[in-house]
Amino acid sequence: MKWIKGPQMAVVWTVVRIWLGIQWIEAGWHKVADGFDASGFMKGAIANATGDHPAVQAWYAAFLENFALPNAGLFSTLVAWGEVLVGIGLIVGAATIPALLAGAFMNLNFLLAGTTSTNPILYTVAIILLFAGTASYYYGADRFLVPYIKEKFGKKGAKNIEEGHATV
C-alpha cells in the first residue's frame, strides 16, 4: 500500500485536491459576494425532521432549532467564508489537512441537515485525501510549510523556548 502515498500517486492526489478545492470555491464564492442567509436552509431542515421517515434526525433538528437558527448570522458567515477558505487551502495545498477536515465536517453537517446533492462525493473525496496523508500535499505549499513549522515549533523549537533561545 506504500504506492498510494508515493510521489507518483501524489500527482493524482494533487489533481483530486485541486478539483475538490475548486468545488468549495464555487460553492462559497457567490455566498460571500452576494450575501448568504442560512436561516431558510435551517428552517427547511427542521421541517424535514418529521413524518414516518424523516430526512433529518430529531437531535440534529433540535440543534438547528435551538442553537444554529438563533445564531443564523454567525453560521451564515462561517459557512460562506469556510467554503472559500477550504477551497483556497486545498488549491494552494496550504493547511491541507485542516482544510480537508473542515470541508468534511461541513459536508457531514449538510448531510445531517438532509441535503444530499454533491455532499457524499465531496465528503468521500476528502476522506480519501486524508488517508493519502502527506501525499495529498506533496505538490503544495504544505510540503515546505509543514517542515518549517515543525522545525520552528516542534521539539527543537520547544527546547529552544525552554532554554530561552529565540528561533528565527
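Which helix gives the most to the nonpolar patch? The answer is H4, with five residues. Keep in mind that this is a predicted model.

## The nonpolar patch

The patch lies on the surface. Its members are Ile18, Ile22, Trp81, Leu85, Ile88, Ile91 and Val92. Together they have about 580 Å² of accessible area. Two elements, H1 and H4, each give two or more residues to this patch.

Take Ile91 as one member. Ile91 sits in helix H4. Is Ile91 buried, partly exposed or exposed? Its relative accessible area is 33%, so Ile91 is partly exposed. A patch residue needs over 30% relative accessible area, and Ile91 has 33%.

## The salt bridge

How many salt bridges does the count give? The count comes to one salt bridge. Glu83 and Lys31 form this pair. Their closest N and O atoms are 2.9 Å apart. The cut-off for a salt bridge is 4 Å, so the pair qualifies at 2.9 Å.

Follow the chain from one partner to the other. Glu83 belongs to helix H4, and Lys31 belongs to helix H1. The two are 52 residues apart, so the pair links distant parts of the chain.

The limit for buried is under 20%.

## The largest pocket

Next comes the largest pocket. The volume of the largest pocket is about 600 Å³. Its lining has 27 residues. Which of them lie nearest its centre? They are Phe41, Val79, Met106, Asn109 and Phe110.

H5 gives the most, with five residues.

What classes of residue make up the lining? There are 18 nonpolar residues in the lining.

Most residues other than glycine have a negative phi. Phi of Ala95 is near 55°. Phi of Ser117 is near 45°. Neither residue is glycine.

Where do they sit? Ala95 is in the loop between H4 and H5. Ser117 is in the loop between H5 and H6. Ala95 is partly exposed, because its relative accessible area is 41%. Ser117 counts as exposed, because its relative accessibility is 60%.

The table pairs residues by their place in the chain and the gap between their C-alpha atoms.

| Pair | Apart along the chain | C-alpha separation |
|---|---|---|
| Ser136 and Ile46 | 90 residues | 36 Å |
| Phe144 and Ala94 | 50 residues | 9.4 Å |
| Val84 and Tyr139 | 55 residues | 21 Å |
| Trp24 and Gly6 | 18 residues | 26 Å |

Ser136 is in the loop between H6 and helix H7 (142-153). Phe144 is in helix H7. Val84 lies in helix H4, and Trp24 is in helix H1.

Which of these are buried, and which are exposed? Ser136 counts as buried, because its relative accessibility is 0%. Val84 is buried as well, at 4%. Trp24 is buried at 2%. Phe144 counts as exposed, at 60% relative accessibility. The limit for exposed is over 50%.

## Looking back

Return to helix H4 with these points in hand. H4 gives five residues to the nonpolar patch. H4 also holds Glu83, the partner of Lys31 in the salt bridge. The buried residue Val84 lies in H4 too. Helix H1 holds Lys31 and also Trp24.

Conventions
Residues are numbered from 1 along each chain as its sequence is written. This is a predicted model: local features need pLDDT of at least 70, side-chain atom pairs count only at pLDDT 80 or more; totals for chains, interfaces and linings use all residues. Side-chain values use heavy atoms; hydrogens and water are left out. On a 1 Å grid over the protein atoms alone, a cavity is a set of points where a 1.4 Å probe fits but cannot get out, and a pocket is an open set with protein on both sides within 12 Å along at least five of seven lines; lining residues have an atom within 4 Å of a point. Grid points are joined across faces, edges and corners, and a volume is the space filled by probe spheres set on the points. Helices (H or I, at least four residues) and strands (E, at least two) are DSSP runs, numbered from the N terminus. Ala, Val, Leu, Ile, Met, Phe, Trp, Tyr, Cys and Pro count as nonpolar, Asp, Glu, Lys and Arg as charged, and the others, Gly among them, as polar. Patches are made of residues with over 30% relative accessible area and no salt bridge: like charges are joined within 9 Å, nonpolar side chains (Val, Leu, Ile, Met, Phe, Trp, Tyr) within 5 Å. Accessible areas come from the Shrake-Rupley method with a 1.4 Å probe; for residues, only the protein chains shown count as cover. A salt bridge is a side-chain nitrogen of Lys or Arg within 4 Å of a carboxyl oxygen of Asp or Glu. Buried means under 20% relative accessible area, exposed over 50%, partly exposed in between (1.4 Å probe, protein chains only).
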